[in-house]
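Colleague: Before I rely on the annotations for this entry, I would like to hear how each label was reached. Could we take the labels one at a time, setting each value against its rule?

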Amino acid sequence: MSNVVNDTRIPNNVDLASDKKLQRALEQWQPKFVDWWVEMGPEGFQKDDVWLRTAISVESDGWAHFDYVKMPEYRWGIFLADQVPNRKIGFGDNLGQPVWQEVPGEHRNTLRRLIVTQGDTEPASVEQQRLLGQTCPSLYDLRNLFQVNVEEGRHLWAMVYLLHSHFGRDGREEAEGLLERRSGNPDKPRILGAFNEPCQNWLSFFMFTFFTDRDGKYQLLALAESGFDPLSRTTRFMLTEEAHHMFVGETGVMRVIERTAQLMKEAGFSGDVRKLGGIDLPTIQKYLNLWFTLSLDLFGGEISSNAAAFFAHGLKGRAHEEKEFDDHVALEGFHAIDVPRDGKLAREDVPMRNAMNEILRDSYVADCQRGVDKWNRVLEAAGIEYRLKLPSRRFHRHIGLYADVSATPTGELIGKEEFTRRRGEWLPDAADEAYVQSLMTKPVYEAGKMANWLAPPARGIKGKAIEFEYVRHEL
Amino acid sequence: MDPVRFETLPAAYKHWKLDLSAAEKTGVARLVLDIQEEGGLRPGYVLKLNSYDLGVDLELADAVQRLRFEHPEVCSIVFTSGKDRIFSSGANIYMLGSSTHAFKVNFCKFTNETRLYLEEASAESGIKAIAALNGIASGGGYELALACDEIYLQEDGNSAVSLPECPLLGVLPGTGGLTRLVDKRKIRRDHADVFSTLAEGIRGKRAKEWALVDDVVARSKFVETTTKRAESLAAASPRAQAKGAGIALAPHELTRSSEGGKLVSTYRYVTLSIDPKARVAEVVVRGPDHAPPRTGEELRKLGSTANWALRAWRELDDAILDLRFNHLDVGLLVIKTRGDLEKVREADEALAALVKSGDWLAREIQLLQKRVLKRVDVTSRSLFALIDEGSCFAGSLLELALASDRVYMKDDEDHEDEIRVALSSANFGPMPMGNGLTRLESRFLRTPDQVGKLREQTAPMGTLTTGQASKAGLVTIAPDAIDWDDELRVAIEERASMSPDAMTGMEASLRWGGPETLETKIFGRLSAWQNWIFTRPNATGEKGALTMYGKPESPTFDMRRA
């Protein structure tokens with residue numbers, strides 16, 4: 001068990017005090033991070049007391065502490081999951097070799113890029129969500145938003161720790177860069193596309209935490225397999241926190257659906273649910289289509305030499321590599337992928353290693369489907385026939401094999417012109433955006449109250465009542 | 001494999017867009033790279049991420065050539081990408097991986113020539129080039145930028161410049177990248193070392209600090225800033241003062257036929273015949289058949305088809321490329337001329353007079369002749385010039401003999417008047433080789449006075465007999481008329497039987513004595529190393545890095561240094 005130090009400037013379980021140089025470097029970075037937080041973090045709530053959990057150890061029971069805290073004073077710490085004794089590299093060409101505690105020279109640049117790309121998503125999502133608090137549907141949800149935000153901030157810390165401790169001057173420069181890029185700013189955008197998309201309303205937020213944070217989960221699962229042990233240990237602990245983010249997304253969308261079902265009942269199923277201020281199911285489907293497909297892009301190209309190299313070198317594996325796969329070298333098999341050729345799809349066998357992005361995407365899609373099934377059970381229980389569906393992974397893509405083709409949500413290839421013409425059937429158009437926005441003009445700050453378009457949660461947080469004042473907001 | 005053809009025109013470009021919409025007003029042309037992924041020259045690879053093959057480079061070469069002749073109003077070019085986030089990722093790796101060694105070498109040579117011509121267009125014709133890197137420029141993409149006068153990199157957190165060949169592919173950046181880093185941009189060698197081993201390249205501030213780019217510009221201001229810079233370069237160019245219209249470059253007219261086992265391409269002034277069995281090619285260049293243009297007006301009236309000084313040399317260029325790419329078995333090129341010595345000299349002097357009068361088009365024609373001769377210099381075939389009755393090796397055409405590895409001149413007292421060579425002003429300056437010297441200067445490195453003597457000797461522009469030419473050091477071997485046929489047969493057969501690798505290396509080592517230049521380093525040093533690496537197992541062996549790229553397995557190296 002690692003020793004946790006919580007009374008220093010930077011809480012940690014990595015014995016930071018014994019490495020003065022590293023400690024100084026991180027202590028220099030810390031004020032820049034706080035400046036960034038104040039500038040780009042949740043706008044209008046920095047002085048409020050928010051009932052948040054803070055990681056204080058990596059013990060499975062009692063790793064978190066819940067209390068009121070002002071966000072700029074949040075104790076962002078560095079926590080690595082405990083070292084697994086005699087851990088061996090679990091896949092690729094170095095299978096069975098001891099894991100690396102230091103970065104191997106030949107993989108330094110690649111690892112740095114992987115870490116920077118992952119790290120960049122953390123502050124990006126905070127930036128994307130910075131205005132959402134001002135239209136919150138309840139204090140419960142407001143608190144969840146902030147919980148997600150501060151933990152994304154801690155995940156940034158986790159990646160910055162790796163950059164500072166293992167990548168020298170380049171690492172420190174990259175750590176600065178993480179605070180300099182800005183989501184959606186054309187001059188200094190965040191690295192990945194989905195993290196430059198605006199996340200302007202709460203339906204998008206719930207979809208984002210369900211779909212996009214789930215991409216994060218799968219990337220973390222793949223990195224948790226890494227032969228670079230510090231990366232593996234960091235990401236394993238990040239996964240603990242990430243689970244809550246997906247809970248926020250899954251239950252958030254579910255509560256929207258519950259409320260819609262309720263309003264549909266009131267409207268006698270035939271009426272327009274929008275007249276009662278609910279979000280109609282087709283609109284929910286469109287937001288689902290949008291965020292699912294943006295998130296699919298984050299996995300990268302279907303056929304990828306980079307992915308093959310990451311796997312070969314033991315840097316990034318598959319999710320649950322040990323449990324779910326037998327062949328950890330993966331030089332023998334193939335993965336069948338539908339490749340667009342001259343307007344048609346041709347099934348092609350891709351060498352397994354080159355298909356690693358797609359294999360990770362397969363696991364992700366299956367996980368998304370489980371959530372969607374839960375949502376559909378709500379509809380079923382309410383006696384509604386409409387079902388939500390994950391669109392085809394060929395639909396609305398910007399990266400990979402399908403970036404240059406147009407497809408319907410069921411995956412049929414169509415002309416670009418038809419896609420443009422029918423886009424509004426499948427993805428939120430300006431009218432949908434305006435409607436959803438219109439439901440969320442006024443924030444709900446009264447404890448226990450919910451906006452009209454959203455059902456209350458089943459229970460509060462950590463034994464507290466739904467009516468608990470999760471955020472003490474000064475008006 | 002289908003033969004490669006080198007002719008194209010803007011309307012047929014697949015991969016480049018030549019945008020002249022602002023040229024009249026601002027002097028700026030835009031060359032926008034938007035590569036058709038499925039538009040490769042051969043099947044078997046997809047040109048992803050604006051990666052190129054020979055077909056893309058042919059269009060580039062054509063575009064730069066046409067801008068020079070057809071658009072005097074263009075004084076600067078902005079190179080940029082039509083794709084978001086990527087400028088160019090360089091030569092397509094799968095194309096390289098699936099190409100023969102000879103094709104790779106020829107491909108690199110052609111792309112090198114195209115980039116050197118781009119630099120020549122800036123230095124000699126005042127067409128300045130700006131690389132507006134609106135996305136990642138890696139490998140050959142950055143090397144194209146290096147061939148421009150100035151490089152601007154978009155600052156967007158993503159765009160970077162890189163030469164990933166060494167760390168990623170186990171080969172060199174083969175289009176002059178390494179040489180231009182230290183020689184042209186004068187980047188510190190240790191910075192160049194770090195840069196050339198860093199696959200992901202360098203972005204932003206550091207790219208500027210290390211002079212890898214001239215400036216980094218925010219995405220929102222990028223187009224405006226780079227366009228403005230191109231406009232001010234255009235305004236300052238001497239070409240902005242150029243008077244007189246341009247001329248269109250017409251397509252070649254030629255017939256290809258098969259005669260007695262020989263493949264014959266007949267142009268108006270050039271005939272190339274290939275004897276595949278003997279592995280010998282013969283090119284005959286015919287001299288002028290018309291009076292040369294004396295005024296800018298006459299020059300423009302003749303255009304590209306009725307002026308020997310342009311047409312014959314364009315045809316020769318096309319024939320040389322055809323030989324290089326489509327007839328690999330040919331080891332020896334025999335160079336002959338037919339025509340009137342005096343008329344060649346007349347054409348040279350008339351052109352020189354127009355150049356002297358400041359006519360930009362005349363200058364372009366002279367520069368084109370220079371480039372064609374350089375193309376001959378770097379052609380990896382043994383070159384024998386044969387001078388006999390009816391030859392017209394005078395002035396510019398004599399340069400072809402001087403470019404050859406050996407010059408054979410017939411010694412025949414009965415026909416002394418018909419077998420002569422002559423010099424013109426073309427031999428004394430306007431057509432330097434890659435080493436910066438004229439072919440005469442390169443020839444007489446040991447006896448530099450000989451160049452001056454020849455100049456004096458030919459001041460009244462006399463002609464030289466076989467004996468005189470031999471004495472003057474212009475001839476390698478002067479066989480007697482009775483031995484001529486047999487001597488040549490033996491010489492040619494002997495040469496064609498030697499190891500082609502040894503001949504290529506030997507000739508390349510002997511052709512450029514004297515000083516080193518960027519150009520000689522690129523062709524003599526960088527290319528030689530690259531061509532060696534291309535044949536090594538660490539690059540192209542079963543487990544070599546180039547072979548394994550994109551494959552699931554990692555490469556394995558033989559770690560012994562050679």
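Predicted model: local features only at pLDDT ≥ 70, side-chain atom pairs only at ≥ 80, totals over all residues.

Colleague: What makes you speak of two domains in chain B, and where do their bounds lie?

Modeller: The division of chain B into domain 1 (10-241) and domain 2 (255-505) comes from an automatic or database domain assignment. Their C-alpha centres are 33 Å apart.

Colleague: How do you know how much area domain 1 of chain B and domain 2 of chain B bury between them?

Modeller: The size of an interface is often given as the accessible area lost when the parts come together. For domain 1 of chain B and domain 2 of chain B that figure is about 1700 Å², with 54% of it on carbon and sulfur atoms. On the side of domain 1 of chain B, F69(B), N106(B) and Y117(B) supply 34% of the area buried against domain 2 of chain B, more than any other three residues.

Colleague: Which elements give two or more residues to the side of domain 1 of chain B that touches domain 2 of chain B?

Modeller: They are α2 (54-70) and α4 (101-125) of chain B, and α4(B) gives the largest share, 11 residues. By class, that side of domain 1 of chain B has eight nonpolar, three polar and six charged residues.

Colleague: What does the contact between chain B and chain A consist of?

Modeller: In this case 19 residues of chain B are in contact with 23 residues of chain A, and the two chains bury about 1600 Å² between them, 37% of it on carbon and sulfur atoms. Within chain B, E200(B), R206(B) and P552(B) lose the most area to chain A, together 33% of what that side buries.

Colleague: How do you know that D170(A) and R206(B) form a salt bridge?

Modeller: The closest N and O atoms of D170(A) and R206(B) are 3.4 Å apart, and the limit is 4 Å, so the label applies. The count between chain B and chain A is five salt bridges, and by class the side of chain B that touches chain A has five nonpolar, four polar and 10 charged residues.

Colleague: What makes the salt bridge of E174(A) and R112(A) a tie between parts of chain A?

Modeller: The N to O distance is 3.8 Å, which lies within the limit of 4 Å. E174(A) lies in helix α4 (residues 168-180) of chain A and R112(A) in helix α2 (residues 108-128) of chain A, so the pair ties together parts 62 residues apart in sequence.

Colleague: How do you know that the span of helix α10 of chain A agrees with its number of residues?

Modeller: At 1.5 Å a residue, the 26 residues of α10 (residues 356-381) of chain A should span 38 Å, and the end C-alpha atoms are 38 Å apart, so the values agree. G383(A), which follows α10(A), has a positive phi, near 75°.

Conventions:
Residues numbered from 1 in each chain as written. Chains lettered and ligands numbered in written order. Heavy atoms only, no water. Buried area = accessible area lost by both parts, 1.4 Å probe. Helix = DSSP H or I, 4+ residues; strand = E, 2+ residues; numbered from the N terminus. Nonpolar A, V, L, I, M, F, W, Y, C, P; charged D, E, K, R; others polar. Contact = heavy atoms within 4.5 Å. Salt bridge = Lys/Arg side-chain N within 4 Å of Asp/Glu carboxyl O. Expected span 1.5 Å × (residues − 1).
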